Amino acid sequence: MRLPLLALLATGPAHGYQLRRALESTFGPAYSRTNDGQVYVTLGRLEKSGLIEGEDVAQDGRPAKRVFALTDDGRRALADWFARPSDGAKVREEFFLKLVLAPRTRLADPRTLIDLQRSYCLAAIRGLHATADQSPDHGVSRLLIEGEVLHLQAELDWLERCQQELT
């Protein structure tokens, strides 16, 4: 959440509630709902690390709100993030670790693990389709959902390969 918050602050100063709402409106229902606490904890960490600066702004009849702005260091960190490719699948993914280590422990059957993961992927795909049906006109959300469905379909193909190779 650090870097998406920095990216939102690159457009101008904002307080935590505005940032949470901006995440939700930008990405739509495909983006998991962010809680306010998570946003404020992350903002505190970003401020401590010097990537943003906060200022208390008085409000009529209400406590002051803290408005955050991107620092030069924050802008550089954001530029570095945009300049790097994103990590793809990792060899140390939890499921793969379970699958490889299960036979050694004799505590889990690889075929059972594969079936469980397959069921999870299929349920996730159904859930994503239901989410897509809720907001068919939100283009960013539709793209996020489509990307996740494609990843899950690739995982299903990979699970089939794991089953052929390891069971």
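This is a predicted model: local features need pLDDT of at least 70, side-chain atom pairs count only at pLDDT 80 or more; totals for chains, interfaces and linings use all residues.
Leu9 sits in helix H1, and if you skip residues up to four places away in sequence, Leu9 touches Ala14, Leu19, Leu43, Ile52, Phe68 and Leu70. Thr71 is 62 residues along the chain from Leu9, yet their C-alpha atoms are separated by 9.5 Å.

Let's stay with H1 for a moment. Which residues of H1 are buried? They are Leu3, Leu5, Leu6, Leu8 and Leu9. The cover over the buried residues of H1 includes strand E1 (14–15), H2, H3, strand E2 (52–59), E3 and helix H4 (72–83).

In soluble globular proteins, nonpolar side chains tend to be buried together. Here the largest nonpolar core has 16 residues, and the ones with the most contacts inside it are Leu6, Leu9, Leu19, Leu43 and Ile52. At least two residues of this core come from each of helix H1 (2–9), helix H2 (16–27), helix H3 (36–48) and strand E3 (62–70). H1 gives the most, with five residues. Take Leu19: setting aside neighbours within four places in sequence, Leu19 is in contact with Leu5, Leu8, Leu9, Ala14 and Leu43. There is also a second, separate core of 14 residues, and Phe95, Ala102, Val149 and Leu152 are among them.

Next, the very start of the chain. Met1 is found in the segment before H1. Is Met1 buried or partly exposed? Met1 is partly exposed, because its relative accessible area is 25%, and the cut-off for buried is under 20%. Not counting residues up to four places away in sequence, Met1 touches Leu23, Thr34, Gln38, Val39 and Thr42. The C-alpha atoms of Met1 and Thr42 are separated by 7.3 Å, although the two residues are 41 apart along the chain.

Further along, Arg118 lies in helix H6, which covers residues 110–134. Why is Arg118 classed as buried? Its relative accessibility is 19%, so Arg118 counts as buried, given that the cut-off is under 20%. Leaving out neighbours within four places in sequence, Arg118 is in contact with Leu156, Leu159, Glu160 and Gln163.

| Residue | Relative accessibility | Class |
|---|---|---|
| Met1 | 25% | partly exposed |
| Arg118 | 19% | buried |

Time to step back and look at the whole chain. How many helices and strands does the protein chain have? There are seven helices and three strands, and reading along the sequence gives the pattern α-β-α-α-β-β-α-α-α-α. The protein chain has a radius of gyration of 21 Å, whereas a compact globule of 167 residues would have one near 15 Å. Along the principal axes, its C-alpha atoms fill a box of roughly 65 × 35 × 30 Å.

Of the 167 residues in the protein chain, buried ones make up 28%. Looking at contacts between residues at least 6 apart in sequence, 55% join residues at least 24 apart. The accessible surface comes to about 11300 Å², and 53% of that belongs to carbon and sulfur atoms.

As for charge, the protein chain carries 22 positive and 23 negative side chains. The centres of those two sets lie 4 Å apart.

Methods:
Residues are numbered from 1 along each chain as its sequence is written. Side-chain values use heavy atoms; hydrogens and water are left out. Helices (H or I, at least four residues) and strands (E, at least two) are DSSP runs, numbered from the N terminus. The radius of gyration is taken over C-alpha atoms; the globule rule is 2.2 Å times the number of residues to the power 0.38. Buried means under 20% relative accessible area, exposed over 50%, partly exposed in between (1.4 Å probe, protein chains only). Contact means heavy atoms within 4.5 Å. Accessible areas come from the Shrake-Rupley method with a 1.4 Å probe; for residues, only the protein chains shown count as cover. Lys and Arg count as positive and Asp and Glu as negative; His and the chain ends are not counted. The place of a charge is taken as NZ of Lys, CZ of Arg, CG of Asp or CD of Glu. A nonpolar core is a set of buried Ala, Val, Leu, Ile, Met, Phe, Trp, Tyr and Cys residues joined through side-chain atoms within 4.5 Å.
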